[in-house]
Every structure is written in C-alpha cells, then in structure tokens.
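Me: I would like to learn how to read charged side chains in a model. Can you take me through it?

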Amino acid sequence: MVAFGIPEARIPIRTVREGVKDLERLGVNFHFRTKVVYDSPRELGDEWAEHFVSLERLLGEFDAILIATGGHGGREN
C-alpha cells in the first residue's frame, strides 16, 4: 500500500523497496497472495489467493505474526 497509495514525492518507491530488502536481510519472510483461514479455506472471492494457510498452524509455528490485509475500498469524499 505504501508503494502505490502514497505519492512518490512524499515517499519515494526506491526508499520503500530498500526498506523491504533490509527487512529480508534481517530474516523477515513475506508471503504474498496468501489467505489465512480458520475453518473454511475456500470462499467466494478467493480467486486472488494462490496459497492458503490455517491460523492455527501459524500460531503454533511462530512467536510473532503480522497479517497485513492490504488496502480497503476507497472512501467517498
């Protein structure tokens, strides 16, 4: 969202990409197009998801989890 929702003049895309690379060097793993599910793995609208993972599995495997849900629909001004 930062890369596409904030004007280049305020936060240059180069800075965002460098920040992501820094996090990766620190050992952060990013999993894009992944849906975290509780009990129903497939629902209407899941065409965008390439991977599915259960919340229970994540809670059992990791000490910390950040779930970034992406942008929401635009608001009317």
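This is a predicted model: local features need pLDDT of at least 70, side-chain atom pairs count only at pLDDT 80 or more; totals for chains, interfaces and linings use all residues.

Reply: Residues are numbered from 1 along each chain as its sequence is written, and side-chain values use heavy atoms, with hydrogens and water left out.

Me: How many salt bridges does the structure hold?

Reply: Side chains of opposite charge can pair when their charged atoms come close. A salt bridge is a side-chain nitrogen of Lys or Arg within 4 Å of a carboxyl oxygen of Asp or Glu. The structure holds 5.

Me: Which residue pairs with arginine 14 in a salt bridge?

Reply: Glutamate 18, with the closest N and O atoms 3.8 Å apart. Both lie in helix 2 (residues 13-25), 4 residues apart, about one turn of the helix. Helices here are DSSP runs of H or I, at least four residues; strands are runs of E, at least two; both are numbered from the N terminus.

Me: Is arginine 14 buried or exposed?

Reply: Buried means under 20% relative accessible area, exposed over 50%, partly exposed in between (1.4 Å probe, protein chains only). Arginine 14 counts as exposed because its relative accessibility is 51%. Glutamate 18, at 40%, counts as partly exposed.

Me: Where do arginine 33 and glutamate 50 lie?

Reply: These two form a salt bridge, closest N and O atoms 3.0 Å apart. Arginine 33 lies in the loop between helix 2 and strand 1, and glutamate 50 in the loop between strand 1 and strand 2 (51-54), so the pair ties together parts that are 17 residues apart in sequence.
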